[in-house]
2 protein chains.
Amino acid sequence: MSGSRARTRQAIVEAAIDLLGRNPAASLGDIAAAAEVGRTTLHRYFTDRADLLRAVSAEASARLERATAQARMADGTGASAVRRLCQEYFDLGTVLSIIFNESLLSADQGWSGAGGCDPAFVAMVERGHRDGTIDPELPVDWVQSLIWSQLYAGWAYRAETGASRHDVLRLVLRTVDGAIAPRPA
Amino acid sequence: MSGSRARTRQAIVEAAIDLLGRNPAASLGDIAAAAEVGRTTLHRYFTDRADLLRAVSAEASARLERATAQARMADGTGASAVRRLCQEYFDLGTVLSIIFNESLLSADQGWSGAGGCDPAFVAMVERGHRDGTIDPELPVDWVQSLIWSQLYAGWAYRAETGASRHDVLRLVLRTVDGAIAPRPA
DNA sequence: CTTGATTGGAACATCGATGTTCCATTCCGG
DNA sequence: CCGGAATGGAACATCGATGTTCCAATCAAG
């Protein structure tokens with residue numbers, strides 16, 4: 001039945017996001033095991049490893065886009081929008097790693113990772129430059145790189161230290177705020 | 001002759017640091033090619049892949065230690081010492097990735113990556129907490145994670161944008177300074 | 001020049017990951 | 001209950017990375 005197929009497929013994609021986020025070289029066998037399906041079943045849904053990767057990438061992009069929309073980058077001061085964006089991205093977890101690694105391989109998406117293309121993001125940071133809430137010395141690209149690296153660092157920090165979600169989010173926001181703040185000097 | 005052997009060995013280790021830093025799954029064949037030696041020769045110097053990894057790890061640790069000593073973490077204010085440390089680490093390049101990935105696998109070294117053990121580092125940050133140059137709300141572990149992530153981000157940023165060493169170092173230092181500065185509020 | 005050291009290449013066996021095929025079992029709606 | 005859909009496991013072929021062996025070519029010092 002079609003409902004069952006959809007559920008199985010989703011379970012595989014989710015297991016793949018989890019494992020591939022931690023280790024991009026995870027084997028299909030491990031992914032199948034994590035999804036609690038046979039390796040045969042996995043191949044029944046995704047002919048190739050590449051096929052699975054495409055599905056994972058699509059799911060990750062969808063989640064990223066949802067979080068992005070949620071952040072309303074066009075509202076408020078530049079810095080407050082950056083803060084909201086960090087909050088929304090924070091819970092993406094291993095999806096961040098997926099997007100991050102993916103951007104190094106296929107420069108297909110109009111977004112993220114590499115050349116910092118997303119016009120809404122550029123607009124947000126440049127607005128911050130003008131309204132005095134983001135250090136004008138920091139290029140847009142750099143701010144993007146800063147956000148990604150801090151979100152990743154926060155995720156890793158949490159995994160290492162076992163700190164609470166709330167505490168780590170607090171640290172990330174405080175750090176990013178301080179980093180992008182214009183200098184008094 | 002012994003001089004030749006040492007030179008060949010060093011060339012292999014250096015090529016390995018370069019390739020493995022970019023891609024931890026690089027094949028021995030690629031590494032041999034990058035070192036401009038035959039794969040046979042590589043195996044003559046390092047029986048295992050594990051054997052080569054040990055040598056790479058040792059070399060990376062040595063370079064890291066040299067840079068650490070150079071930074072004189074005990075001198076000056078906490079923040080100024082952090083700044084010096086970033087400067088010294090900045091040129092380590094792919095060595096940073098090696099150390100970073102390594103720390104996730106083998107928690108043997110008394111240093112770096114994971115639990116932030118190095119007593120000199122702890123002393124430096126706590127000094128900064130006391131002398132008012134480092135935000136006391138940021139745990140020592142977090143400052144360490146911040147430094148690593150920014151150095152890595154800086155390296156990646158440079159590779160992506162082609163910005164000059166000097167400009168990227170400037171961005172890294174400015175960002176870390178701002179991030180660890182105590183908040184006026 | 002001669003000799004031992006060093007190297008590169010070819011061939012081979014092994015191993016794990018991958019992808020495919022086939023069959024038995026289980027699940028679920030009609 | 002029945003029949004098709006969905007699943008899991010076993011077996012097999014393939015492929016790339018790895019590690020080993022052997023031999024010919026080259027280098028470098030005496």
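A polar contact is a pair of N or O atoms within 3.5 Å; within protein, one must be able to donate a hydrogen and the other to accept it, and residues adjacent in sequence count only if both atoms are side-chain atoms. This report describes a predicted model, in which local features need pLDDT of at least 70 and side-chain atom pairs count only at pLDDT 80 or more, while totals for chains, interfaces and linings use all residues. Residues are numbered from 1 along each chain as its sequence is written, chains are lettered from A and ligands numbered from 1 in the order in which they are written, and side-chain values use heavy atoms, with hydrogens and water left out.

**DNA strand D**

DNA strand D is surrounded by 20 residues, the closest being Thr8(A), Gly38(A), Thr41(A), Tyr45(A) and Leu28(B). A residue is near the strand if one of its heavy atoms lies within 4 Å of it. Sugar or phosphate accounts for 51% of the atoms of DNA strand D within 4 Å of the protein, and bases for the rest.

| Protein atom | Atom of DNA strand D | Distance |
|---|---|---|
| Glu36(A), polar backbone atom | phosphate oxygen | 3.5 Å |
| Thr40(A), polar side-chain atom | base nitrogen | 2.9 Å |
| Arg39(B), polar side-chain atom | base nitrogen | 3.0 Å |

Helices are DSSP runs (H or I, at least four residues), numbered from the N terminus. At least two residues of the surface near DNA strand D come from each of α1 (2-22) and α3 (39-45) of chain A and α3 (39-45) of chain B. With 4 residues, α3(A) gives the most to this surface.

**Chain B against chain A**

Between the two chains, 28 residues of chain B are in contact (heavy atoms within 4.5 Å) with 29 residues of chain A. The size of an interface is often given as the accessible area lost when the parts come together. Here the buried area (accessible area, 1.4 Å probe, that two parts lose on being put together, summed over both) is about 2400 Å², and carbon and sulfur atoms give 60% of it. On the side of chain B, Trp142(B), Tyr157(B) and Arg174(B) lose the most area to chain A, together 28% of what that side buries.

The chains share 4 salt bridges, each a side-chain nitrogen of Lys or Arg within 4 Å of a carboxyl oxygen of Asp or Glu. Arg174(B) forms a salt bridge with Asp135(A), their closest N and O atoms being 2.5 Å apart.
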